[in-house]
Amino acid sequence: DLGNIVADENGVSTTSFKDLYTTLKAGAPNSIAGRSVVIRATADDFETEDDDGNAGPIIAYGSIVRK
């Protein structure tokens, strides 16, 4: 889980973050290369124990790939 992002009234978001625990290096135990990104309709409440943190339906998804 990489946290919440915020979009404007048009659904546009420009987000960047720094994470000290993940890498794009293939084969590394903490690599996120080849994994998925899921964007949900609302923020994770960080209280609900379900996978989605009560964040609502999926509105977008994709794969993390290295070029």
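Predicted model: local features only at pLDDT ≥ 70, side-chain atom pairs only at ≥ 80, totals over all residues.
Biologist: Is D44 with or without a salt bridge?

Modeller: Without one, although D44 is buried. R40 is the nearest side chain of opposite charge, and R40 is 7.9 Å away. A salt bridge would need the atoms within 4 Å.

Biologist: Which backbone nitrogen lies 2.6 Å from a polar atom of the D44 side chain?

Modeller: That of F46.

Biologist: Changing topic, how many helices and strands does the chain have?

Modeller: Zero helices and two strands.

Biologist: In which sense do β1 and β2 pair, and over how many bridges?

Modeller: They are antiparallel, with five bridges. As one example of facing residues, V37 is opposite G62 in β2.

Biologist: And is β2 largely in the open or buried?

Modeller: Strand β2 covers residues 58-63, and zero of its six residues are buried, so β2 lies largely in the open.

Biologist: What about V38, where is that found?

Modeller: V38 belongs to strand β1, residues 36-40.

Biologist: Which residues form a nonpolar patch on the surface with V38?

Modeller: I58 and Y61. Together the three have about 350 Å² of accessible area.

Biologist: Back to the whole chain. What percentage of the residues count as buried?

Modeller: 9% of the 67 residues. The C-alpha atoms fill a box of roughly 35 × 30 × 20 Å along the principal axes.

Notes: Residues numbered from 1 in each chain as written. Heavy atoms only, no water. Patch = residues over 30% accessible without salt bridge, like charges linked within 9 Å, V, L, I, M, F, W, Y side chains within 5 Å. Areas by Shrake-Rupley, 256 points an atom, 1.4 Å probe, with all protein chains shown as cover. Helix = DSSP H or I, 4+ residues; strand = E, 2+ residues; numbered from the N terminus. Buried < 20%, exposed > 50% of the residue type's maximum accessible area, 1.4 Å probe, protein only. Pairing = 2+ DSSP bridges. Lys, Arg positive; Asp, Glu negative; His and termini not counted. Polar contact = N/O pair within 3.5 Å; in protein donor to acceptor, adjacent residues only side chain to side chain.
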